[in-house]
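Dear colleague,

I am handing over a structure to you with this email, and below it I describe what was found. Please keep it open while you read.

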Amino acid sequence: MRSVALKIVASVLSAALAFHAFAGTRGDTVRVAVYRGPAACDHCSETLKRAIEALGAKYRVDFVGADEPIDITPANLARYDVYAQPGGGQNIPAAFASLGDERVGAIHDYVAHGGRYLGICMGAYLASGSGLGLVPHELESEVGRPGFEVDNSEDASVAVRWQGRAQTVFYQDGPYLLRAAKDPGFRVIATYANDDIAAARYSFGHGAVVLSGPHPEADESWFEDAGLPLEDRPDDRLLRSLLAALGR
């Protein structure tokens, strides 16, 4: 009976996600679930929610998490077009453990059945092979890489080439990404100045995964608190491009 029930749940989830997979491509409402909880840093979830909502009225954003009215379950995730995991602290294993096995399984299966995952900084690290398993490799910090301008974990603004355009973007010890030669859906979205990959799209099962090392969602307060010039803050095209990549 349990196996039959699981098959029914999987069938319902797949059908729901097949519908949601096309949301946003025709100008429809895009439902986004933004994680909020101990795996995210202070204000990271709120900043990401505001930044996505500022992209236009079609984006409807809810917080999800263990202490939120909407928890991370298969049934709840099936209502959303995108699940977004924001930045966090420095302790990646602790952040992953705080999600719990059931939520990890729910996110993994959501993407496998056609959901969309957006991971920024810690959210990118958590997608790795030893984490959510949405990309097959492990991710390492860009800090200290040859030709990279930052050699410590302090907040910084860094040069990137984002969809062919020179930009600066907020950086907080984010990873560099690896190519996926056997993934037909893989594509580079942005590179750091040393040509390491800063943002990219991957396929996972029937779903899509977009990861970014730097923080295109960072608002003015992030730059001010870090003593960084406000003119280094990019416009919303960077974040918009990450969400657009999930729809292809």
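Between which two strands does the loop that holds Asn194 lie? In this predicted model, Asn194 sits in the loop between strand E9 (187-192) and strand E10 (197-204). Asn194 has a relative accessible area of 19%, and because buried means under 20%, Asn194 counts as buried.

The side chain of Asn194 takes part in two kinds of link that you can look for on screen: a polar contact with the side chain of Glu142, at 2.8 Å, and another that reaches the backbone oxygen of Pro146 at 2.9 Å. Leaving aside residues up to four places away in sequence, Asn194 touches Glu142, Arg145, Pro146, Gly147 and Phe148.

Turning to the cysteines, the count comes to 1 disulfide, which joins Cys41 to Cys44 with an S to S distance of 1.7 Å. Cys121, by contrast, is in no disulfide, since the nearest cysteine sulfur, that of Cys41, is 7.8 Å away and a disulfide needs the two sulfur atoms within 2.5 Å. Cys44 is buried, with a relative accessible area of 1%, and Cys121 also counts as buried, at 4% relative accessibility.

A word on confidence is needed before you rely on any region. The protein averages a pLDDT of 90, and 89% of the residues score at least 70, but over residues 1-26 the pLDDT stays under 50, and for that stretch the model has 28 contacts beyond four places in sequence.

Definitions and conventions: Residues are numbered from 1 along each chain as its sequence is written. This is a predicted model: local features need pLDDT of at least 70, side-chain atom pairs count only at pLDDT 80 or more; totals for chains, interfaces and linings use all residues. Side-chain values use heavy atoms; hydrogens and water are left out. pLDDT is the predictor's confidence in each residue, from 0 to 100. Contact means heavy atoms within 4.5 Å. Helices (H or I, at least four residues) and strands (E, at least two) are DSSP runs, numbered from the N terminus. Buried means under 20% relative accessible area, exposed over 50%, partly exposed in between (1.4 Å probe, protein chains only). A polar contact is a pair of N or O atoms within 3.5 Å; within protein, one must be able to donate a hydrogen and the other to accept it, and residues adjacent in sequence count only if both atoms are side-chain atoms.
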